[in-house]
Amino acid sequence: MTATPQHAPPQAAGGWVVIAGLGPGDEALVTPEVAAAIADATDVVGYLPYVRRVADRPGLRRHESDNRVEIERARHALSLAAEGGRVVVVSSGDPGVFAMASAVFEAVEHGLPGWRTLDIRVLPGVTAMLAAAARVGAPLGHDFCAINLSDNLKPWSLVERRLRLAVEADFAMALYNPRSKARPDGFGQALALLRTLCKPARLLVFARAVSTPEEAIQIVPLAQAEPEMADMRTVVLVGAATTRLIPRDPRPFVYTPRSVSA
Ligand code: SAH
């Protein structure tokens, strides 16, 4: 199959910014569209571990930055493109899911007027929750939501409110950024809250480093879930009340039926 690059800039000489998702880790999950944009780029910009996933080649300038400097990184990418650079801003998974796409648009909204006329495109990627769900079956097969458990950019009270309302609405949930060294306690508090709202048999999937050599999957009822089962490389899927287990070896299937009776 030949990939048709959708990202070709209107004028060959013009700079552009592509905000691309690299998927959860496996090279096979990088879309042909993203691979084509990277092949055509002069600059790759992003958080250090993500830039390292892009193979080196002559003529490709690499701009690696630390975590938590998303706006500076976005402004840098836009400046490079304004100077004629063909710039790929890389995120893991999908760039629109708790990642760089919003940061770039925030920089555009508050930045130089000329940035608004730049050729800026977002190329989707396979987000962690979809890769994790596919590993175990179809836990997100009915209505679901995604919640970022990091309280770096929002108050923890809002995280708890959204968890409570998601349980009330009986969404399955994908919990991103569950736990980090800087935030060791929030996930334990989230589990404690879920225990007050859901039955002990509610199914949880801890999916770590999906599609990488370090992949590890644990499926447990809420009663057996421990905070230490999650880290920064884990996405936690919380089943809806209807989510079911099909026992088999070596690992059960987990799925949420498509229908709910009135
Ligand atoms: N844009 C990314 C999410 C970035 S936030 C995406 O769409 O997937 C970072 C969080 O994503 C991590 O804390 C973890 O919860 C999740 N994550 C990213 N890659 C993952 C992977 N390979 N396996 C499991 N979770 C992953």
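Is Ala103 buried or exposed? In this predicted model, Ala103 has a relative accessibility of 7%. The cut-off for a buried residue is under 20%, so Ala103 counts as buried. Ala103 lies in helix α4. Leaving out residues up to four places away in sequence, Ala103 touches Glu70, Ile71 and Ala74. Ala103 and Asp231 are 128 residues apart along the chain, and their C-alpha atoms are separated by 24 Å.

The packing of the two helices comes next. Two packed helices are described by the angle between their axes and the distance between the axes. Helix α3 covers residues 70-82, and helix α4 covers residues 100-110. The two pack at an angle of about 70°, and their axes are 8 Å apart. Angles of 65 to 115 degrees count as roughly perpendicular. The helices α3 and α4 are therefore roughly perpendicular to each other. The crossing of α3 past α4 is right-handed.

Strands of a sheet pair through backbone hydrogen bonds, either parallel or antiparallel. Here five strands form an open sheet with parallel pairing, in the order β3-β2-β4-β1-β5. The edges are taken by β3 (61-65) and β5 (119-123). Each edge strand has a single partner, so one side of each is left without a neighbour in the sheet. From one strand to the next, the twist averages 15°. Strand β1 (residues 16-21) pairs with β5 in the parallel sense, over five bridges. Within this pair, Ala20 stands opposite Leu123 in β5.

Helix α3 lies across β1, β2 (43-47), β3, β4 (86-91) and β5. Its direction is at about 175° to β2. Helix α4 lies across β1, β4 and β5. The angle between α4 and β5 is about 160°.

Strand β2 holds Asp43. What is the relative accessibility of Asp43? The value is 0%, so Asp43 counts as buried. Its neighbours within four places in sequence are again left aside. Asp43 is then in contact with Leu60, Arg61, His63, Leu80, Gly85, Arg86, Val87 and Val88.

A further open sheet is also built from five strands, in the order β7-β8-β11-β9-β10. Its pairing is mixed. The edge strands are β7 and β10 (216-221), and each of them pairs on one side only. The twist in this sheet averages 15° from one strand to the next.

Strand β8 shows both senses of pairing. With strand β7 (residues 144-148), β8 pairs in the parallel sense over five bridges. Asn148 has Tyr176 in β8 as its bridge partner. With strand β11 (residues 234-238), β8 pairs in the antiparallel sense over three bridges. There, Met173 stands opposite Val238 in β11.

How many of the five residues of strand β8 are buried? Five of the five are, so β8 (residues 172-176) is largely enclosed by the rest of the structure. The side chains can be sorted by direction. Ala172, Ala174 and Tyr176 point one way from β8, while Met173 and Leu175 point the other way. All of these residues are buried. Helix α5 (residues 128-136) lies across β7, β8, β9 (203-208), β10 and β11. The helix α5 runs at about 65° to β11.

The loop between β10 and β11 contains Arg233. Arg233 has a relative accessible area of 40% and is partly exposed. Which residues does Arg233 touch, not counting those up to four places away in sequence? They are Ala207, Arg208, Ala209, Thr212 and Glu214. Arg233 and Pro178 are 55 residues apart along the chain, yet their C-alpha atoms are separated by 8.7 Å.

Definitions and conventions: Residues are numbered from 1 along each chain as its sequence is written. This is a predicted model: local features need pLDDT of at least 70, side-chain atom pairs count only at pLDDT 80 or more; totals for chains, interfaces and linings use all residues. Side-chain values use heavy atoms; hydrogens and water are left out. Axes are lines fitted to C-alpha atoms, for helices over the stretch in contact, and angles run from 0 to 180 degrees between N-to-C directions. Helices (H or I, at least four residues) and strands (E, at least two) are DSSP runs, numbered from the N terminus. Angles under 35 degrees count as roughly parallel, over 145 as roughly antiparallel, 65 to 115 as roughly perpendicular and the rest as oblique. A crossing is left-handed if the near helix is turned anticlockwise from the far one by less than a right angle, and right-handed if clockwise. Two strands pair if DSSP finds at least two bridges between them. Contact means heavy atoms within 4.5 Å. Buried means under 20% relative accessible area, exposed over 50%, partly exposed in between (1.4 Å probe, protein chains only).
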